[in-house]
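I opened the notebook on this model today.

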Amino acid sequence: MAKKIFIKTFGCQMNEYDSNRIYDSVKKIGFQKTDDYKNADCFVLNTCHIRDKAKEKVYHEIGRVKKIYKQKNKPIMVIAGCVAQAENQEMLKRESYIDIVIGPQSYHKINEVLKKFVPDTQKEETEFDTISKFEYFDKIENKSNKVSTFLTIQEGCDKFCHFCVVPFTRGPEYSRPLKKILHEAETLIKNGAKEITLLGQNVNAYSYIENSKKYRISNLINELEKFSELKRIRYTTSHPRDMTDDLIDCYANNKKLMPFVHLPIQSGSNKILKLMNRKHTVEEYINIYERLKKINSKIEFSSDFIISYPGETNNDFDDTLNLVKKIKFINSYSFIFSPRPGTKAATLKLIDNKTSKERLNEIQKYLFSHQINKNRSFQGKSVEVLVENRIEDQLKLFGRNKFNNSVIFVGDENNIGKTVKVKIESTNQNSLFGKIENSKDMKAA
Ligand code: SAM
Ligand code: SF4
Ligand code: F3S
């Protein structure tokens with residue numbers, strides 16, 4: 001009988017992509033994916049280290065697993081992801097329940113490690129071996145059957161923003177060969193994918209040289225555009241510094257590239273951006289915004305903000321508020337600065353909790369009200385939705401409009417994988433609700 005593996009995934013889309021690739025890999029050694037977390041032979045926590053007490057959360061999760069499996073056979077306990085990379089040996093020492101610690105650039109070793117696993121021993125794999133990892137996974141077909149699917153094109157980061165752990169947990173920047181990415185895209189499309197989101201910690205820093213020709217993310221977008229069965233293209237997460245002319249031009253030339261740009265700025269103050277080592281200014285950011293809006297005034301933006309970065313004064317914070325009032329982001333992430341071990345900002349003097357919370361509340365008041373107003377503006381209108389799936393235990397369908405808003409609506413399941421028109425009847429902060437208008441497959445955006 002096949003052994004069962006359950007992966008609990010935290011963090012960003014890259015972790016979600018990785019978890020699916022781990023499932024693909026371990027199939028070869030007889031492990032089958034299960035959604036029943038209480039009855040697995042192997043339990044993987046794919047962790048995130050970006051904020052807060054990431055390490056403590058992992059120990060808390062292990063505590064829960066211990067309880068669930070108290071009267072049962074202990075599953076092979078694997079810690080993967082960015083906390084595994086950052087904490088490695090320390091985790092094994094502190095928690096004997098952990099069997100395997102494996103970092104994001106060592107996933108090509110997962111089958112070997114599981115095959116050779118001997119109970120009551122511990123194993124750590126945290127080398128940065130990104131090339132071998134992708135070479136290994138290139139040989140395993142990615143048949144994730146989703147209508148909307150992720151495709152990692154780039155990993156790691158060389159920018160070293162002073163607040164961020166990613167360069168330490170994912171390692172240096174690496175871009176996959178263009179042909180391998182296109183081959184994976186072709187497999188995904190043959191298998192039903194209608195929307196592809198290109199992924200990378202710095203996705204628009206993608207740079208691959210072959211026969212002295214440099215390929216960028218714009219080349220990938222142009223190539224993906226040619227797949228007739230593919231309806232939509234997205235990418236995330238991009239860095240303002242890498243919003244080059246060729247990528248901006250894609251918004252004029254590519255019909256399938258969605259008019260929604262997630263472009264983190266972090267702060268509206270140049271002083272703070274400099275302290276963060278962000279390598280871009282507010283003016284450069286606004287320039288990108290204006291150029292894109294000129295190409296297509298319907299393009300919408302979302303962003304990430306770090307509140308109360310050490311040194312942020314009331315004036316700096318007001319600069320961020322002013323930016324938010326100017327660019328009406330339709331969806332954004334905002335968090336109080338969280339010191340991460342090993343980063344340059346880890347030891348800087350923190351801004352007191354009360355001020356930080358007040359600032360967070362203030363900025364979220366604007367961000368959320370823009371989001372609510374934008375969603376409300378769809379009420380009574382007909383929006384184009386790519387139908388992704390049926391919502392479990394409900395008779396409703398789920399999909400997204402061009403701006404990545406969730407749309408929940410009444411309609412026929414036969415429309416999954418198609419682009420349909422949905423009449424929006426009501427909205428809240430996070431979603432639009434409505435009814436399908438016609439079931440005829442529409443042309444891509
Ligand atoms: N590469 C992207 C960029 O440069 O904009 C960001 C990737 S990072 C995985 C996602 C977001 O986490 C960042 O945009 C930032 O807002 C947030 N973040 C990273 N480190 C943080 C920290 N120490 N405290 C709070 N938020 C943090
Ligand atoms: Fe982190 Fe993004 Fe900065 Fe890289 S560019 S260090 S991933 S925030
Ligand atoms: Fe978290 Fe690692 Fe992604 S720290 S945000 S899982 S790259």
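Which handedness does the β-α-β unit of β4, helix α3 and β5 have? I found a right-handed unit, with α3 at residues 81-94. Right-handed here means that, with the strands pointing away from the viewer, the path from the first strand over the helix to the second runs clockwise. Helices (H or I, at least four residues) and strands (E, at least two) are DSSP runs, numbered from the N terminus.

I noted the ground rules. This is a predicted model, where local features need pLDDT of at least 70, side-chain atom pairs count only at pLDDT 80 or more, and totals for chains, interfaces and linings use all residues. Residues are numbered from 1 along each chain as its sequence is written.

Next I checked the neighbours of β4. β4 pairs with β5 (residues 100-102) in the parallel sense over 3 bridges; pairing takes at least two DSSP bridges. A80 stands opposite I102 there. β3 (residues 42-47) also pairs with β4 in the parallel sense, over 5 bridges, and L45 stands opposite I79. β3, helix α2 (residues 54-68) and β4 form another right-handed β-α-β unit.

Then I looked at burial. In β4 (residues 76-80), 5 of the 5 residues are buried, so the strand is largely enclosed by the rest of the structure. Buried means under 20% relative accessible area, with a 1.4 Å probe and protein chains only. I76, V78 and A80 cover one face, M77 and I79 the other.

Note on methods. Chains lettered and ligands numbered in written order. Heavy atoms only, no water. Buried < 20%, exposed > 50% of the residue type's maximum accessible area, 1.4 Å probe, protein only.
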